[in-house]
Amino acid sequence: MGTVFVILVIMMITQSSASSLPFTKIFAFGDSYTDTGNTGPSNVPSVINYASRSPYGMIFFHRPTNRYSDVCLVIDFVASSLSLHYLTPYRLLERGVASSNGVNFAVAGSTSIENLSFFDSTRESLGTQLTWFLEYAKVQGSEQGWDRVIKCMNLFDNALFWVREIGSKDYAYTLASTIPNTVVRDLAVKRTTIFLEVILKKYAKYVVVQGLPPAGCLATSMMLSPFPGRDDLGSIKTMNQEIQAYNAIL
């Protein structure tokens, strides 16, 4: 259902005339499905930093871009549909500079719940991305004099807040632990709700929130899970059921 909704959003944007495009900026959040460069060899373990090496990125960009894809991501197509340049990753943005087309805060490997990763150097979460965004907004003047507040309001007025799926790793990282999936689900929903409440209260007018894909089909999940409890396709049945419940609650 989430994928269908995303396709419909892109089609609606694409069919808009150039003079009536609804958004002038995008602020994106998520994990590797959306990360366009916040993850690099300096901040992830070598075992998962393959996106910074060829052949990643070689077909379209002709060089690695730290995208976990060889071509464009969905967020790249969304930006193009709005006649915007590809989003600048937050970690590559010069401090104090407002990007004219928005910012990408997504980080590969991120979780909804903080400190769930097995890797000490990949502890970014949805909370991390919210902190980055609030720091960005503060630098633009959201908490300063009236003139700067007006500037900040204009910065977000016609912006699309793109909250791509984030939370599949919550289930994968806790798969070999004793933490029940229901606990992971409830905490993930709570963290996502808090995130949305913060951005909707002061910054966002237009938000696209996407559900999680069936993480029980991920190779990492299937590697960590014992064979019993699989469905007919070999995926982890209980994990996919919990994710369906998560999406319904969200």
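The protein has an average pLDDT of 79, and 77% of the residues score at least 70. Confidence is highest in strand β1 (residues 25–29), with a mean of 96, and lowest in helix α1 (residues 2–15), with a mean of 52. Where pLDDT is low, the predicted coordinates should not be read in detail.

Salt bridges come next. Side chains of opposite charge can pair when their charged atoms come close. Across the whole structure, a search finds six salt bridges. One of them joins the side chains of Glu124 and Arg91, with 2.5 Å from N to O. This pair links distant parts of the chain, 33 residues apart: Arg91 is in the loop between β2 (88–89) and β3, and Glu124 is in the loop between β3 (102–104) and α3 (126–139). Glu124 counts as buried because its relative accessibility, 12%, is under 20%. Arg91, in contrast, is partly exposed, with a relative accessible area of 34%.

Another salt bridge is formed by Asp157 and Lys205, whose closest N and O atoms are 3.1 Å apart. Asp157 belongs to helix α4 (residues 146–157) and Lys205 to the loop between α6 (181–202) and β5 (206–209), so the pair ties together parts 48 residues apart in sequence. Asp157 is partly exposed, at 31% relative accessible area, and Lys205 also counts as partly exposed, at 48%.

Arg185 and Glu242 make a further salt bridge, and here the closest N and O atoms are 3.2 Å apart. Because Arg185 lies in helix α6 and Glu242 in helix α8, the pair ties together parts that are 57 residues apart in sequence. Arg185 is buried, with a relative accessible area of 16%, and Glu242 counts as buried at 16% relative accessibility. The pair is part of one network, in which salt bridges that share partners join Arg185, Asp186 and Glu242.

Helix α8 (residues 237–249) also holds Ile243. Ile243 is buried, with a relative accessible area of 2%. What is Ile243 in contact with, leaving aside its neighbours within four places in sequence? The residues in contact with Ile243 are Tyr171, Leu212, Pro213, Pro214 and Ala215. Thr182 is 61 residues from Ile243 along the chain, and the C-alpha atoms of the two are separated by 9.7 Å.

On the surface there is a nonpolar patch formed by Ile59, Phe60 and Val71, which together have about 270 Å² of accessible area. Val71 is located in the loop between β1 and α2 (74–81).

The cysteines come last. A disulfide is a covalent bond between the sulfur atoms of two cysteines. How many disulfides does the structure hold? The structure holds zero disulfides.

Terms used: Residues numbered from 1 in each chain as written. Predicted model: local features only at pLDDT ≥ 70, side-chain atom pairs only at ≥ 80, totals over all residues. Heavy atoms only, no water. Disulfide = S-S within 2.5 Å. pLDDT = per-residue confidence, 0-100. Helix = DSSP H or I, 4+ residues; strand = E, 2+ residues; numbered from the N terminus. Patch = residues over 30% accessible without salt bridge, like charges linked within 9 Å, V, L, I, M, F, W, Y side chains within 5 Å. Areas by Shrake-Rupley, 256 points an atom, 1.4 Å probe, with all protein chains shown as cover. Salt bridge = Lys/Arg side-chain N within 4 Å of Asp/Glu carboxyl O. Buried < 20%, exposed > 50% of the residue type's maximum accessible area, 1.4 Å probe, protein only. Contact = heavy atoms within 4.5 Å.
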